[in-house]
Amino acid sequence: MHEMILCKLGEVVLKGLNRRSFEMKLMGNIRRRTGRFGKFRVYSKQSTIYVEPAEETCDLAGAYAACKQVFGIIAVARALPCAKEKEAILDTAKTYLSSALTAARSFKVESKRADKTFPMTSIQLSQWVGGHLHEAFPHLTVDVHHPELTVYVEVREEAAYVHAPAEPAAGGLPIGMGGRAVSLLSGGIDSPVASYMIAKRGVELEMIHFASPPYTSEQAREKVLQLARELVPWCGRLNVTIIPFAEIQEEIRRNCPEDHFTLIMRRFMMRLADALAKDLNCRALVTGESLGQVASQTMDALAVSGDVTDLPVLRPVIGMDKEEIVRIARHIGTFETSILPYEDCCTVFTPRHPKTRPHVEEVREMEQALDVDGLVRRAMDGREVVKLR
């Protein structure tokens with residue numbers, strides 16, 4: 001038998017009659033993520049998904065790392081299957097975990113008997129295997145409360161499986177089970193984190209980015225695409241729609257009060273995201289807004305910017321402070337790219353004293369000086385789609 005990967009399910013196990021649809025979606029996501037590492041047999045039994053190499057050339061280490069980033073999996077372990085016999089289980093533990101047993105100073109064995117026809121109880125199996133491992137590795141002490149190494153034995157339908165402690169995985173729900181949404185992606189720290197967090201709830205994302213050449217550079221554009229690439233291992237395949245935004249910003253500067261520049265700009269972003277969402281049959285918008293972080297993110301300002309869409313606006317970082325957001329950005333690998341010093345369109349024509357308590361009626365009146373429909377239409381006509389896999 002060959003080494004394989006055991007993927008432990010998270011909150012998927014709490015689902016009722018539709019649980020199988022979640023498991024099927026999750027297995028499909030795992031097949032796509034592991035496909036570049038070889039051909040694997042992916043199947044589900046007893047609240048565990050098995051990822052078994054179908055060829056000798058499979059890169060198990062690569063597939064294992066990929067599985068850790070698949071939403072819907074709470075933990076992963078590399079395991080070696082063996083016959084469902086106590087002697088085979090002991091021999092597998094001694095050989096497969098030899099290095100770990102040699103390096104540890106204390107250990108215990110924890111068994112799970114999912115196959116109730118197995119003649120020993122879980123406790124009896126743990127005691128028997130643990131006793132013989134202690135004889136084989138006499139430097140070890142038994143510590144059932146705080147061991148350096150836990151040897152796990154799982155007796156299941158097809159085989160017994162021996163493995164060291166599982167490692168934490170992404171958690172959440174399988175991508176695709178929560179619907180589809182358009183996420184507004186800037187070059188900052190917050191929006192990639194917001195995208196990651198909403199994808200963790202099973203939402204499939206379409207990304208939208210606003211570029212303002214010549215005010216923003218090619219490096220700024222590439223920075224945003226790099227952020228999207230860094231999200232792909234978590235969020236799966238992504239399309240980034242890049243919208244030309246300079247004309248809109250210039251018109252706002254010419255025709256609107258300076259203290260409302262940012263707010264009206266945000267309203268246009270929401271209009272464009274709404275238009276894209278409806279073109280792509282997405283059911284919500286996602287932003288990286290954090291309450292009170294900047295002038296355009298006060299309660300009044302959020303109400304004004306959200307006034308232009310009838311879609312739900314999901315703001316997963318709304319209650320977080322910057323330290324919390326940065327911690328997640330470091331975890332998902334986007335932080336170092338986010339802090340690269342390339343400007344984005346939000347820094348163009350920034351007002352000296354932005355309005356923090358705007359009124360919807362006032363802003364609507366200001367926008368009457370603009371050809372709103374024409375600006376939105378021309379911007380959408382100039383869009384470019386970059387596909388990331």
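Leu184 is found in strand E10, which spans residues 180-184; helices (H or I, at least four residues) and strands (E, at least two) are DSSP runs numbered from the N terminus. The structure is a predicted model, in which local features need pLDDT of at least 70 and side-chain atom pairs count only at pLDDT 80 or more, while totals for chains, interfaces and linings use all residues. Residues are numbered from 1 along each chain as its sequence is written, and side-chain values use heavy atoms, with hydrogens and water left out.

Leu184 has a relative accessible area of 8% and is therefore buried, a class defined as under 20% relative accessible area, against over 50% for exposed and in between for partly exposed (1.4 Å probe, protein chains only). Apart from its neighbours within four places in sequence, Leu184 is in contact with residues including Ile208, Phe210, Met269 and Val286, where contact means heavy atoms within 4.5 Å. Leu185 lies in the loop between E10 and helix H6 (190-199). Leu185 is also buried, because its relative accessible area is 2%.

According to the unreviewed UniProt entry, the annotation "binding site" covers Leu184, Leu185, His209, Phe210, Arg266, Gly288 and Gln297. From this set, Leu184, Leu185, His209, Phe210, Arg266, Gly288 and Gln297 belong to the lining of the largest pocket. UniProt positions are given in the numbering used here, feature names are shortened, and annotations may be inferred rather than shown by experiment.

On a 1 Å grid over the protein atoms alone, a pocket is an open set of points with protein on both sides within 12 Å along at least five of seven lines, whereas a cavity is a set where a 1.4 Å probe fits but cannot get out; lining residues have an atom within 4 Å of a point. The structure holds 3 cavities of 30 Å³ or more. The second largest cavity has a volume of about 40 Å³, a volume being the space filled by probe spheres set on grid points joined across faces, edges and corners. Its lining consists of Tyr43, Lys45, Gln46, Tyr50, Arg156, Glu157, Glu158 and Tyr161.

Asn239 is found in strand E12 (residues 238-244) and counts as buried because its relative accessibility is 16%. The side chain of Asn239 makes a polar contact with that of Arg389 at 3.5 Å; such a contact is a pair of N or O atoms within 3.5 Å, and within protein one must be able to donate a hydrogen and the other to accept it, with residues adjacent in sequence counting only if both atoms are side-chain atoms.
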